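This report describes the fold of one protein chain and some of its local features. The sequence and the structure are shown first.

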Amino acid sequence: MTNIISDTYEKIFEIVKQIPEGKVSTYGLIAKKIGTNFSARVVGYALNNSHLGEEIPAHRVVNRNGLLTGKHHFNPSSLMQKLLENEGVKVENDKIIDFKKHLWDPKELEG
């Protein structure tokens with residue numbers, strides 16, 4: 001089971017690393033791209049562990065409504081918003097303004 005999880009996490013990390021600066025994706029879109037029976041929640045679990053290894057731009061992953069639901073995993077919790085705003089993504093009340101404009105769908109990636 002550990003191999004399945006680590007392989008899945010690696011697939012998730014590879015997709016997240018390809019999210020362009022100034023864009024965001026969602027837990028669900030990433031889960032759909034890896035094409036397994038894993039849910040968006042598994043993507044969240046993987047990103048919670050992403051700080052253990054190489055640099056993964058986890059701040060670019062939000063929920064399906066554009067909410068910064070993962071912000072409490074950043075220290076301080078305002079860091080997720082600050083990183084997004086540094087890339088030109090406007091956030092208000094923990095929600096991305098013009099969410100559809102900033103949304104990146106990994107389905108365009110090969111494989």
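## Basis and overall fold

Helices (H or I, at least four residues) and strands (E, at least two) are DSSP runs, numbered from the N terminus. By this count the chain contains 5 helices and 4 strands, arranged from the N terminus in the order α-β-α-α-β-α-β-β-α. With a radius of gyration of 13 Å, close to the 13 Å from the globule rule for 111 residues, the chain is as compact as a globular protein of that length. This radius is taken over C-alpha atoms, and the rule is 2.2 Å times the number of residues to the power 0.38.

The model is predicted: local features need pLDDT of at least 70 and side-chain atom pairs count only at pLDDT 80 or more, whereas totals for chains, interfaces and linings use all residues. Residues are numbered from 1 along each chain as its sequence is written, and side-chain values use heavy atoms, with hydrogens and water left out.

## Burial and contacts

Buried means under 20% relative accessible area, exposed over 50%, and partly exposed in between (1.4 Å probe, protein chains only). Of the 111 residues, 41% count as buried. Contact means heavy atoms within 4.5 Å; among contacts with a separation of 6 or more, 65% join residues 24 or more positions apart.

## Helix H2

Helix H2 covers residues 27-34, and its buried residues include Tyr27, Ile30, Ala31, Lys33 and Ile34. These residues lie on the same side of H2, because they cover an arc of only 160 degrees around the axis; the arc is that of the directions from the helix axis to the C-beta atoms. Just after H2, Gly35 has a positive phi of about 65 degrees.

## The loop residue His59

His59 belongs to the loop between helix H3 (40-48) and strand S2 (61-62). Its relative accessible area is 8%, so His59 is buried. Apart from neighbours within four places in sequence, His59 is in contact with Phe74, Met80, Leu83, Leu84 and Glu87.

## Backbone features in other loops

Most residues other than glycine have a negative phi, and most peptide bonds are trans. Asn75 and Pro76 are joined by a cis peptide bond, with omega about 0 degrees; Pro76 lies in the loop between S2 and helix H4 (79-86).

Asn93, in the loop between strand S3 (91-92) and strand S4 (95-96), has a positive phi of about 55 degrees although it is not a glycine. Asn93 counts as exposed, at 69% relative accessibility. Asp98, in the loop between S4 and helix H5 (99-102), also has a positive phi, near 55 degrees, and is partly exposed at 49% relative accessible area.
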